[in-house]
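Visitor: I would like to learn how to read cavities and salt bridges in a model. Where do we start?

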Amino acid sequence: MSKIFLCSAGFVISPTGNLDSEEGAAERVVEDVFIRCFLYGTFVGIMAQEPVLKRRANVLIVCLVLLQNMTPSKIYFLASYTETLLSHFYKCPVKLELQTVPGALVYKYL
Amino acid sequence: MWIQFSLGTDLHTVFQSYGNMPLVSISDEPDTLYRRLSVLVKGHDKAVLDSYEYFAVLAAEELGLSIEKVYEPPRKIERMTLLKSVHVYKKHRVQYEMRTYYRCLELKHLTGSTANVYLEYIQRNLPEGVAMEVKKTKIEKLPEHIQKPIWGTLPQVEETVNES
C-alpha cells in the first residue's frame, strides 16, 4: 500500500489511511508531524517550502527544496544524517530527494 | 531486511539478483491456475485512477493476458458534520467529506507465475495515495473421494416401515 501526504501550494493528497476501509491514518499523521519537526530542526533556515512526503510500499520519500545558503558539503552531511536517522527510527528505507533553489519560490505573480 | 539506497538515487531502481539467486526459478510442481484475478484500486483522485487503469490494461495486453472486464464501482463519500467553534455555538457546524473512488480490473485464466509477475509489476508502480485489493479465484482439482457419485456403490439398506 502506498501513500502520499501533504504538499504545499494548497494541493493536498492524503495517505491511503483515509480511504474507505483502510487502516493506519492516525499513525501516518503522527509520523508526518514528527518528520516535519525533525526536518525543520535539521535544515534550519534553508528550507524553501514545506517538505513533500510520499510513501511507496514501505519506502518513505522526502522531497525537499532548499535554499543555497549553505556549502554543499554541509547539505550532503545533513541529508545523509536525516536519511540514516529516520530509517533507524521507522525501520523502513527513507530516501531524500533534494533540490536547491537560488531564492524564495514564487508561485504566482499578481 | 531492507536495503538503504544512497542519496539522490532514482526511485525505480533496476532489479538485481542478490548473490547467486537466479532470476528465473524452475520447479516440477504444476503451476496454480486462477480462474479470475480481480484487482480493485481505490483512491481519492479519479484522474490518478484513470491513468493507472490505462497503465494496467496496457501492461496486461502487452503480456497477452485476457481481460474479462474493466469497470468502475460507484464512489463512496464519508461525510462528517462537526462543530465549527471550539466552545459553544451549536448551530454553526462545518462539514467535511472523504471521497473514495474505485476501479476494478478483472483478468481471467491466469497461471500462478503469470499472476505473480503481473501483480508485482503493477504493485511496484502503484502511485502514492492509491490502495489496491487483489482477489484470486483458484482452480483446484476435485478431491479423489468425491470424483465419482456414490449412489451406485453403497450396499442396499432394507427399508423398514413403522406401522403405528
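**Cavities and charge pairs**

Guide: This is a predicted model. It holds one cavity of 30 Å³ or more.

Visitor: Which elements supply its lining?

Guide: In chain B, strand S1 (33-43), helix H1 (46-63), strand S4 (93-111) and helix H2 (112-124) each supply at least two residues. The lining divides into nine nonpolar, no polar and two charged residues. Among them are B:Val39, B:Tyr52, B:Glu53 and B:Arg103.

Visitor: Now charges. How many salt bridges are there over all chains?

Guide: Side chains of opposite charge can pair when their charged atoms come close. The search finds 14 salt bridges over all chains.

Visitor: Which parts does the pair B:Glu106 and B:Arg36 tie together?

Guide: B:Glu106 forms a salt bridge with B:Arg36, with the closest N and O atoms 3.7 Å apart. B:Glu106 lies in strand S4 and B:Arg36 in strand S1 of chain B, so the pair ties together parts 70 residues apart in sequence.

Visitor: Is B:Glu106 buried or exposed?

Guide: B:Glu106 is buried, because its relative accessible area is 9%, under the 20% cut-off. B:Arg36, at 34%, is partly exposed.

Visitor: What about a pair within one helix?

Guide: Take A:Glu31 and A:Arg28, which meet in a salt bridge (3.0 Å, N to O). Both lie in helix H1 (residues 25-42) of chain A, three residues apart, about one turn of the helix.

Note on methods. Residues numbered from 1 in each chain as written. Chains lettered and ligands numbered in written order. Predicted model: local features only at pLDDT ≥ 70, side-chain atom pairs only at ≥ 80, totals over all residues. Heavy atoms only, no water. 1 Å grid on protein atoms, 1.4 Å probe; cavity = no way out; pocket = protein on both sides within 12 Å on 5 of 7 lines; lining within 4 Å. Points joined across faces, edges and corners; volume = space filled by probe spheres on them. Helix = DSSP H or I, 4+ residues; strand = E, 2+ residues; numbered from the N terminus. Nonpolar A, V, L, I, M, F, W, Y, C, P; charged D, E, K, R; others polar. Salt bridge = Lys/Arg side-chain N within 4 Å of Asp/Glu carboxyl O. Buried < 20%, exposed > 50% of the residue type's maximum accessible area, 1.4 Å probe, protein only.
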